[in-house]
Amino acid sequence: MMQVIRYPDRNSWEELLKRPVFDNSSLEKTVTNVLQDVKQNGDAAVKKYTEQFDKVNLENFKVSKEEFAAASKLVSAELKKAIQQAKNNITKFHEAQKEKVKIIETTKGVKCWRKSVAIDKVGLYIPGGSAPLFSTILMLGIPAKLAGCKEIILCTPPDVNPAILYTAQLVGIKKVFKIGGVQAIGAMAYGTETVSKVYKIFGPGNQYVTCAKQLINKEGIAIDMPAGPSEVAVWADKTCVPAFVAADLLSQAEHGADSQVILISTDENVIQRVQTEINLQVNALSRKEIALKALANSKAILVKNTKEAIEIINEYAPEHLIISCKNEDALAAKITNAGSIFLGNYSPESAGDYASGTNHTLPTNGYAKSYSGVSLDSFVKKITFQKLTKQGIKNIGKTVELMAAAEGLDAHARAASIRSKYKK
């Protein structure tokens with residue numbers, strides 16, 4: 001069960017809030033070898049590793065129209081309706097993130113503006129296996145489409161869940177490849193005979209996929225964000241419903257043995273009641289063993305007061321933060337480091353994971369101190385523009401000349417002065 005820490009000294013916070021760490025030195029070597037093989041040998045290497053790791057011998061990686069059609073028939077009408085509602089909410093939230101171009105005249109005759117331009121080619125990685133994350137297709141595919149990305153490629157392990165293909169088709173993704181793991185990241189990063197090279201790669205994955213994304217990022221291929229195992233912090237006071245809090249903690253713990261959940265409270269009775277509820281609920285989970293391993297990495301922290309609770313949460317910078325407290329809106333205003341915040345007793349983290357409309361691709365491992373979650377902005381670049389009239393260059397020309405000369409850049413100064421003095 002969760003370890004209970006009472007009134008930890010501030011000097012111990014750094015050690016206390018560490019995420020579970022696994023030795024990945026041998027992992028990086030393995031991943032590097034696979035990536036280099038895919039880079040050099042393309043489809044042949046992808047085929048070899050698909051056979052080696054997934055035990056599947058595939059001649060053709062691309063999902064056919066027939067496979068899309070067959071998958072659609074296997075998804076229940078009830079699930080289709082649920083996916084459609086989630087799609088509508090996610091679309092509505094992300095569509096509102098579009099920015100209108102604003103032209104700003106900084107000085108008479110000097111106009112500047114900024115425009116969002118879609119990244120031409122993006123790759124989405126969708127895990128399969130025991131938890132086929134078709135919901136992540138909505139979270140990545142919808143903003144990619146709204147942004148106007150010209151080419152969207154999706155890779156997912158070979159034994160493709162029908163809901164993955166149905167959801168891909170629903171959001172308009174036509175290029176789906178039955179490739180998983182490191183070989184999928186390599187195929188999208190470098191391109192193969194079958195898979196086009198992309199400019200940015202998105203999506204969660206196991207430690208191998210995460211390592212592969214970090215390595216290709218060093219080579220200049222953009223990724224959504226650094227990512228580690230999923231995590232949640234719940235801040236609860238006596239107004240919480242302990243059964244709700246326990247359910248939230250377990251919903252995160254079932255992600256994986258390396259997930260972490262943190263409970264923070266100023267009331268020891270709340271911690272005890274939540275622990276009791278966890279013991280009752282965990283036995284009903286199909287992924288009970290995974291959840292129990294995650295709970296072993298997790299902590300319930302008793303703090304002295306509200307101020308300390310805020311400080312320890314901001315230090316931890318959780319991927320997900322649930323505030324099950326009185327005056328939750330006022331408390332949330334004091335949180336500066338979190339990926340996504342869920343307010344009140346009726347806002348479970350799973351609502352954000354699936355259907356409220358916000359994006360569930362969020363910074364983990366403390367990166368919420370400096371990174372945002374995925375949004376429409378993740379799929380665009382911002383290009384700035386400026387247009388100067390003859391009067392405009394005269395108005396700022398002397399400033400440019402003086403600053404350039406002070407930096408010893410004579411040609412910069414001349415580029416302004418030659419225009420300012422031009423008589424025609």
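Biologist: What share of the accessible surface of the protein chain belongs to carbon and sulfur atoms?

Modeller: In this predicted model, the accessible surface comes to about 21,400 Å², and 51% of that area belongs to carbon and sulfur atoms.

Biologist: What makes a residue count as buried, and how many of the 424 do?

Modeller: A residue is called buried if its relative accessible area is under 20%. By that cut-off, 47% of the 424 residues of the protein chain are buried.

Biologist: Why are strand 4 and strand 5 called paired?

Modeller: Pairing takes at least two bridges between two strands. Strand 4 (residues 121–125) and strand 5 (residues 151–156) are joined by five bridges, so they count as paired, and they run parallel. One of the bridges links K121 to E151 in strand 5.

Biologist: Which order do the strands of the open sheet follow?

Modeller: The five strands lie in the order 6-5-4-7-8, with parallel pairing.

Biologist: Why are strand 6 and strand 8 said to stand at the edges?

Modeller: Strand 6 (175–178) and strand 8 (222–223) each have a single partner strand, so one side of each has no neighbour in the sheet.

Biologist: What is the count of positive and negative side chains, and how far apart are the centres of the two sets?

Modeller: With Lys and Arg taken as positive and Asp and Glu as negative, the protein chain has 55 positive and 43 negative side chains. The centres of the two sets lie 11 Å apart.

Biologist: How many helices and strands are there in the protein chain?

Modeller: The protein chain holds 17 helices and 14 strands.

Technical notes: Residues numbered from 1 in each chain as written. Predicted model: local features only at pLDDT ≥ 70, side-chain atom pairs only at ≥ 80, totals over all residues. Heavy atoms only, no water. Helix = DSSP H or I, 4+ residues; strand = E, 2+ residues; numbered from the N terminus. Buried < 20%, exposed > 50% of the residue type's maximum accessible area, 1.4 Å probe, protein only. Areas by Shrake-Rupley, 256 points an atom, 1.4 Å probe, with all protein chains shown as cover. Charge placed at Lys NZ, Arg CZ, Asp CG, Glu CD.
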